[in-house]
Amino acid sequence: ISADAGREDAAVDVAMVGLARGLRNHGVDHAGSVLRFLHLLCEGHNLEMQDFLRFQPGAPRSIDLVFAAADAVVAATPFITPLIVDTVDTALLAIAEFVQSPCRRNQRVLVDSALCSSCNAILNFTENESGSEGMMRRMMPGSGTQNAEAHLDPALKALQNGFPAKLSHLKGSCIIALLSLLECVNEPYIPTRMLGMLEPDRLIANMNVQTAKYAPHLAAEKVDPKDKLRRTPTDTRPPSERAIAAAKHAEEVAEYFYVTFITLSEFDPSEGMKRKLTSAHIWDIANLRRKVGVIEISREGVGLEKAYFIIPEVCRFLTHQSKQHLQLTVNRANLQTQLTGFSESFERLYEEMKHQQKLTENKVLNLYRTTLEWREKIFFYNALLINALFILFYSYECNGTFMCGDHETLQFFRIKPGWDEVVTLLACLQCLLAITRQWWYMVERGVPRLNHIIKDVSTRPPPEGWFASLLYLPPSMADRHLHASRNKGKPEHTGLRKLVPSRRTFVAAAYMITDPTLWVITSMTVVNILALLIPAQGAKLLLIFHMLEVFNHSIVLQNVMRSVTYRSNTLLQTAGLAIVCIYFFGVVAFILFPELFQFAEADIMGGRKLDPNNNSARCTSIWKCTLVVLDMGLRKEDIGEAMDDISWSAEGGDSYRILYRMLYTLLFFIIVSTILMNIIFGVIIDTFAELRAIKDETDKDMSERCFICGIERFVFDQLGDSSNGFSQHIEDEHNLWKYLFFQVYLREKNFDDYSGGESNVFARTLMLMKHPQTHEVMRDIDSGKELKGAKAQVDLSWFPQRTAMALRRQRVTPEQVLQEKLQRVEKRTSTFTSRLTGHLQKVLAAAPPPKAAAPSPDQSPLAQRRVDSPASPGLLSPESPFSPDGAGRGYLGGDTGRTGATGTTAASWGIPVFPGARV
């Protein structure tokens with residue numbers, strides 16, 4: 001239709017309407033079905049099938065289907081219309097699957113074709129300029145009269161309405177195909193060829209066009225008044241769901257454009273593309289840099305490669321508290337334990353991010369989430385204010401006044417008039433904050449913690465013992481997705497049965513009481529409620545316990561508290577030994593010195609001590625003696641200060657008591673006051689010093705060593721390719737959080753859409769969750785996405801350990817590059833020679849015994865050499881243009897895979913053998 005310019009308009013319209021109705025009625029697209037079939041054959045990055053599509057060994061005629069698919073896209077590019085846009089889109093996605101993993105030979109076949117030029121043309125299309133102009137002009141409204149759209153055939157109108165979205169999706173497929181050509185590229189040939197066929201400025205223009213769709217305010221700021229994009233009046237109406245989806249897709253396409261641009265810029269020798277990575281050229285570059293992540297991954301047989309990915313939206317909800325907790329608690333003994341702890345936290349952090357994202361969907365919960373920091377500060381400062389009022393206005397009352405003398409009787413204490421109402425009001429506010437604080441902790445932190453504990457326990461073998469078995473849930477009950485799939489279709493409980501808690505609820509309640517933070521928050525809430533409900537004057541003084549909140553706002557005080565609790569087991573055992581020793585001394589005191597203990601000096605009147613001594617503490621029982629020794633001995637650190645003196649002039653049996661007393665007090669001083677108490681204080685001091693050393697070591701490790709590769713700062717500063725080598729390295733190349741986001745990206749992305757590098761990391765770290773009975777892939781009950789879980793055995797081989805691309809670029813010399821190329825050529829030559837030898841042996845074994853006959857006089861010396869001698873490496877090496885390099889091209893006698901030359905091809909030799917010829 002497009003080629004025949006002389007055809008009448010009416011005939012064209014009739015043909016177009018017929019095609020449109022035929023597609024609508026039958027929906028048959030044979031080319032698209034074949035391409036989709038070939039796509040599925042290579043699903044999972046089947047390298048053998050990828051090579052087979054390019055070259056079929058042993059077949060009478062080898063057809064290069066990879067090149068044929070690219071040729072189909074090239075042929076259809078000038079005529080892309082709503083009638084064939086789906087077929088071209090299917091072809092591009094199939095081409096991407098043909099090369100992903102990567103398949104080097106298919107990459108070379110495609111980059112040597114005109115595919116990149118066709119992709120460049122498709123990327124330059126607009127809805128009004130693509131395909132045959134005559135056809136599109138008749139399908140676009142307003143091309144003729146004003147009521148042209150009203151007279152448009154319904155079949156054409158249906159195709160026309162969905163064409164802009166399909167064209168946008170087609171551009172995204174083009175970018176995917178181009179990125180697959182750049183996958184794991186370690187030599188400049190492919191990107192150089194692509195740079196010669198692609199226009200970087202058009203990539204930028206396409207990015208900006210997509211930016212205008214999802215961020216029109218940026219387009220309004222950047223556009224030139226003479227440009228086609230004009231400022232439009234602001235639309236105050238809320239966007240529809242269709243408009244939101246279109247804007248989201250436009251942003252995704254812009255991100256793919258950006259990934260392609262920065263990937264190609266790495267191979268631009270002039271660095272002109274890198275100089276255009278500014279907001280003056282790319283309007284939304286700040287947002288694109290934030291949305292596009294890049295990490296370095298290690299692949300066996302490939303080495304290091306850069307993996308570009310779109311950071312999922314859920315990653316925005318990773319909290320600062322979780323980041324800090326991971327960095328401070330991960331085991332940094334060595335690089336392996338550090339990365340293992342980091343990998344084991346992926347699942348927990350991902351579930352936490354999804355939970356935080358759910359909270360934002362509810363306006364009330366989102367309000368609490370965004371105001372958490374302010375509410376915590378108000379709670380703390382309000383507690384300070386209440387206790388300041390206690391200090392200033394709580395006093396004892398004497399004779400109706402608050403001014404009490406030294407000898408006046410203290411009757412009772414209360415707050416000064418006028419301030420009780422103020423304290424009550426502040427206490428009510430504090431109670432409201434405490435209740436909401438506890439509720440929000442359960443919503444934000446408690447529920448994810450319980451789900452993680454229950455799921456983690458369910459993965460272990462069932463415990464022994466009746467009590468432990470009560471707290472164990474099988475996976476079918478612990479995993480809510482599996483539980484929902486098992487109960488799918490079952491009727492829900494009704495009536496009183498619905499009010500009965502499930503077993504999971506009881507187990508969750510049991511695990512809830514093991515949360516120490518919940519206990520602290522609950523105790524503060526209970527204390528606040530009691531302070532308001534108890535009518536006594538001093539009830540509000542219970543709010544002094546809220547001053548313990550100071551530990552939550554000071555890291556230094558938290559370390560001080562940890563110094564006591566970190567070695568709690570050692571401290572408790574030592575304190576228990578001290579109590580036992582004090583008990584021994586109490587028993588000895590009960591036997592030998594029951595009347596010698598005193599709390600203070602005896603009262604003296606008239607120059608003599610009063611008798612009885614009211615300040616004495618006679619040990620009338622072992623219980624009382626032990627308490628006296630505990631109180632006086634620990635407070636004064638010398639039990640002798642709490643005992644009456646014994647005169648040296650004592651006679652009889654009391655003469656030895658002074659020796660007993662000396663030995664008793666000396667042993668108490670040595671054992672309890674010196675050894676045991678110093679052990680306790682030493683443990684606390686040493687623990688505090690140890691924690692401080694650990695913190696200093698952690699801070700040093702965070703600032704002086706890369707978390708991912710473990711290489712020190714000075715190495716990057718000395719050998720890196722930029723002035724701020726280490727800072728740029730941990731921010732752009734080995735960013736800790738981008739590795740976490742990459743794992744989230746793998747969990748969010750469809751398994752069938754993985755690239756080669758992504759499939760490699762997935763195979764090492766993740767697995768698809770399947771139903772234990774049906775073995776079907778399970779899906780998330782909220783989003784409908786495939787469920788993926790971490791493997792039981794942590795694999796760290798995908799991390800770039802003790803290596804980085806920045807250092808490799810700096811260290812590699814031209815001699816090393818040449819040596820690597822020679823090694824690759826030698827390896828390919830050896831592989832081809834062994835393969836050729838195997839095929840030759842098969843041919844010779846199957847051939848009949850040769851007859852002794854003189855060579856034909858009309859046979860040329862070259863033909864004799866081909867028949868009688870093995871192929872020389874120079875003629876049939878992998879680099880030779882006459883080699884069957886697996887690309888389906890360059891056979892002696894012509895390119896049989898593409899041109900369809902007649903004759904039978906000896907696939908094992910790469911030499912066409914015509915009927916009647918003998919080899």
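Select H775 to begin: at 56% relative accessibility, H775 counts as exposed (exposed means over 50% relative accessible area, buried under 20%, and partly exposed in between, with a 1.4 Å probe and protein chains only). You'll find H775 in the loop between β7 (766-768) and β8 (788-790). Those labels are DSSP runs numbered from the N terminus: helices are H or I over at least four residues, strands are E over at least two. Now check the backbone: H775 has a positive phi of about 60 degrees, although it is not a glycine.

A word on what you're looking at. This is a predicted model, in which local features need pLDDT of at least 70 and side-chain atom pairs count only at pLDDT 80 or more, while totals for chains, interfaces and linings use all residues. Residues are numbered from 1 along each chain as its sequence is written, and side-chain values use heavy atoms, with hydrogens and water left out.

Next, select R802, in the loop between β8 and α35 (805-811). R802 also has a positive phi of about 60 degrees without being a glycine. Is R802 buried or partly exposed? At 48% relative accessibility, R802 counts as partly exposed.

Now jump to P102, in the loop between α5 (85-99) and α6 (104-111). Look at the peptide bond leading from S101 into P102: this bond is cis, with omega near 5 degrees. Why stop at spots like these? Because most residues other than glycine have a negative phi, and most peptide bonds are trans.

For the next stop, select E758 in helix α34 (residues 756-765). E758 is buried, with a relative accessible area of 5%. What is E758 in contact with, beyond its neighbours within four places in sequence? Show Y308, F742, Y745, L746, K749 and D753; contact here means heavy atoms within 4.5 Å.

Finally, zoom out to the whole protein chain. It has 39 helices and 10 strands, and 39% of its 919 residues count as buried. Among contacts between residues at least 6 apart in sequence, 69% join residues at least 24 apart.
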